[in-house]
Amino acid sequence: MSESSPPPSMLHPEDRPDPADETGPWAALALGGTLAWVALVAVESTYLASGSSPWALVRSAYTLILAPGVAAVLLQDARVRDATVGGIGVVRWLYAAVALGFPPVSVAYFTHQYSRRE
């Protein structure tokens with residue numbers, strides 16, 4: 001890319017380079033958030049007494065931070081894909097809604113996305 005040409009994000013979707021380059025870090029962020037969510041749920045259920053301060057901290061972290069974060073990542077990934085390779089429509093909102101309570105659904109989302117691309 002020369003200095004005078006605009007960045008790919010400013011180009012029309014048909015004029016952009018290979019769509020695979022436009023996917024962003026969303027899969028990695030979703031995977032990291034999901035793994036952290038699973039780890040905190042395991043710690044809570046195995047080691048922490050219900051109602052204690054550490055239990056409340058861990059539960060708040062995975063319920064109020066990680067789960068909505070994974071849902072937002074799924075929506076952002078779908079927005080990027082809609083602009084480049086075609087999205088999965090309303091189904092993305094269902095995935096994001098389920099991810100608010102159960103972030104491991106992101107694995108199903110990315111499986112669905114990658115099976116559509118091939």
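1. Arg59 is partly exposed, with a relative accessible area of 36%; here buried means under 20%, exposed over 50% and partly exposed in between, using a 1.4 Å probe and protein chains only. The model is a predicted one, in which local features need pLDDT of at least 70 and side-chain atom pairs count only at pLDDT 80 or more, while totals for chains, interfaces and linings use all residues. Residues are numbered from 1 along each chain as its sequence is written, and side-chain values use heavy atoms, with hydrogens and water left out.

2. Arg59 forms a salt bridge with Glu44, and the closest N and O atoms are 3.3 Å apart. The rule asks for a side-chain nitrogen of Lys or Arg within 4 Å of a carboxyl oxygen of Asp or Glu, and the count comes to 1 salt bridge. Arg59 lies in helix α2 and Glu44 in helix α1, so the pair ties together parts that are 15 residues apart in sequence. Glu44 is buried, at a relative accessible area of 9%. Helices (H or I, at least four residues) are DSSP runs, numbered from the N terminus.

3. The whole structure holds 4 aromatic pairs. Rings of Phe, Tyr and Trp (its six-membered ring) pair if their centres lie within 6.5 Å; planes under 30 degrees apart count as stacked, over 60 as edge-to-face and the rest as tilted. One of the pairs is Trp37 with Phe102, edge-to-face at 5.6 Å centre to centre and 85° between the planes. This pair links distant parts of the chain, with Trp37 in helix α1 (residues 26-47) and Phe102 in the loop between α3 (91-99) and α4 (105-117), 65 residues apart. Trp37 counts as buried at 9% relative accessibility, and Phe102 as partly exposed at 45%.

4. Tyr109 and Phe110 also form an edge-to-face pair, 4.9 Å centre to centre with 80° between the planes. Tyr109 and Phe110 are both buried. Ring pairs also link Trp37, Tyr62 and Phe102 into a cluster.

5. A nonpolar core is a set of buried Ala, Val, Leu, Ile, Met, Phe, Trp, Tyr and Cys residues joined through side-chain atoms within 4.5 Å. The largest has 13 residues, and those with the most contacts inside it are Leu74, Tyr95, Ala99, Tyr109 and Phe110. Helices α1, α2 (53-84), α3 and α4 each give two or more residues to this core, and α2 gives the most, with 5 residues. Apart from it lies another core of 5 residues, among them Trp37, Tyr62, Leu66 and Ala67.
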